[in-house]
Amino acid sequence: MAGISSVETFSNEFVCFVKLTAEDGATGWGQCSTYNADITAQVFHRQVAPHALGAGTEDILGLVQRIEEKEHKFPGSYRCRALAGLDTALWDLKGRREGKPVVELLGGRPGPIRAYASSMKRDITPEDEAARLCRLRDEHGYDAFKWRVGAECGRDVDEWPGRTEAVIPVVARALGHDVAKLVDGNSGFSPKRAIEVGRQLEAEGISHFEEPCPYWELEQTKEVTDALELDVTGGEQDWDLATWKRMIDMRAVDIVQPDVMYMGGIARTLLVADMAAKAGLPCTPHSANLSLVTICTMHLLGAIPNAGKYLEFSIEGLDYYPWQQGLFRGDPYAVRDGHLRIPDGPGWGVEIDPDWLGRAKYQKSTLEA
């Protein structure tokens, strides 16, 4: 099979798309992780591309692992964020070669997928949050919602005094009994405070408490998990497989939430999903913006046996994420009756907008160079 002849990146501060071309002319498109993506593009060309060029395109996990070994002095987030661009482009290339969507390559099939509408805002009053979520429920048929409590890495200091105690019942009661309710603490609480908040969540029928404690303190999260009946979830920030193994072995969470892009792509995320499946834990990945990460997550959830109940789907528009403007042709994120559709075209089944690519910073690494 033809090897990789070139890799190209198109980046700005927020997004970095990757185009991979094989020696026989076949192409695939992927994406590095969002945020500081222009820096990730530099890492990609310096520490990923040299090992990928000339390599075969079939053994995606094997190539990713070999690059990890070659760059063993540089473990960490940026290496994985860059590897995601290679991995996701390889899956797209494989799907295009075979004329299949990635979900089918993974053993699943395209079709509808239930979403939970995910709020990213904390600078919003409980009443305004309740009103906009209820509007989305009525207009788009969502039957699951997540909103924010505490303050991000807040050390028990709320976004403003009393907001957590207010936003929990105001939003939960407004949404009603027939809606699944989730909240996100974003590493905001100590175990003691998280358990107090968790009791209030349980009293209001909320079933999912995400990242209650500093995510790197697994013992703290486990203390909360052991104390509460609702599902305590986490893992969105984690990329290290040893940490994942420890998290799962110690049952620090009830549901794992890897992020495909933070993890380094589909192949490494599948390792986490498999570990969780063997432990009887569901996998509900983190996919908190409308770049390629949510498309990739849709394909993943359509195939893994321990897929969680729903896809995380950000409800924030261009006022919150202006950089999402014009990433794709058409609308791959149309919502009907609270569901999206896993694309059924080859590869990821989406097309990056050429106008966006034309405005991005361009870099290329080739086999000849």
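How do the axes of helix α7 and helix α8 lie, that is, within what distance do they come and at roughly what angle do they cross? The axes of α7 (residues 191-203) and α8 (residues 218-227) come within 9 Å and cross at roughly 30°. Axes here are lines fitted to C-alpha atoms, for helices over the stretch in contact, with angles from 0 to 180 degrees between N-to-C directions. Helices are DSSP runs of H or I with at least four residues, strands are runs of E with at least two, and both are numbered from the N terminus.

Before I continue, please note that this is a predicted model, in which local features need pLDDT of at least 70 and side-chain atom pairs count only at pLDDT 80 or more, while totals for chains, interfaces and linings use all residues. Residues are numbered from 1 along each chain as its sequence is written, and side-chain values use heavy atoms, with hydrogens and water left out.

α7 passes α8 in a right-handed crossing, meaning that the near helix is turned clockwise from the far one by less than a right angle. P191, A194, I195 and R199 of α7 make the contact with Q220, E223, V224 and A227 of α8, where contact means heavy atoms within 4.5 Å. By class, these residues are five nonpolar, one polar and two charged. Nonpolar covers Ala, Val, Leu, Ile, Met, Phe, Trp, Tyr, Cys and Pro, charged covers Asp, Glu, Lys and Arg, and polar covers the others, Gly among them.

The second pair is α5 (residues 126-140) and α6 (residues 163-175), whose axes come within 9 Å and cross at roughly 25°. α5 and α6 are therefore roughly parallel to each other, and α5 passes α6 in a right-handed crossing. Residues in the contact include A130, L133 and C134 of α5 and A166, V167 and V170 of α6. The contact of α5 with α6 has ten nonpolar, no polar and four charged residues.

The largest nonpolar core has 116 residues, and F17, L86 and F209 have the most contacts inside it. Such a core is a set of buried Ala, Val, Leu, Ile, Met, Phe, Trp, Tyr and Cys residues joined through side-chain atoms within 4.5 Å. Helix α3 (residues 77-98) gives the most to this core, with eight residues. Another core, of five residues, lies apart from it, and Y116, A180, L182 and Y310 are among them.

Two individual positions deserve mention. I67, in helix α2 (residues 60-70), is buried, with a relative accessible area of 1%; buried means under 20%, exposed over 50%, and partly exposed in between, with a 1.4 Å probe and protein chains only. Not counting residues up to four places away in sequence, I67 touches Q47, V48, H51, A52, L83 and L86. E71, in the loop between α2 and α3, counts as buried at 9% relative accessibility. Leaving aside neighbours within four places in sequence, E71 is in contact with Q47, H51 and R79.

Finally, the backbone. Most residues other than glycine have a negative phi. Y35, in the loop between β3 (27-31) and α1 (37-52), has a positive phi of about 80°, and Y35 counts as partly exposed at 29% relative accessibility. R251, in the loop between α9 (241-249) and β9 (255-256), has a positive phi near 55°.

Key
Parallel < 35°, antiparallel > 145°, perpendicular 65-115°, else oblique.
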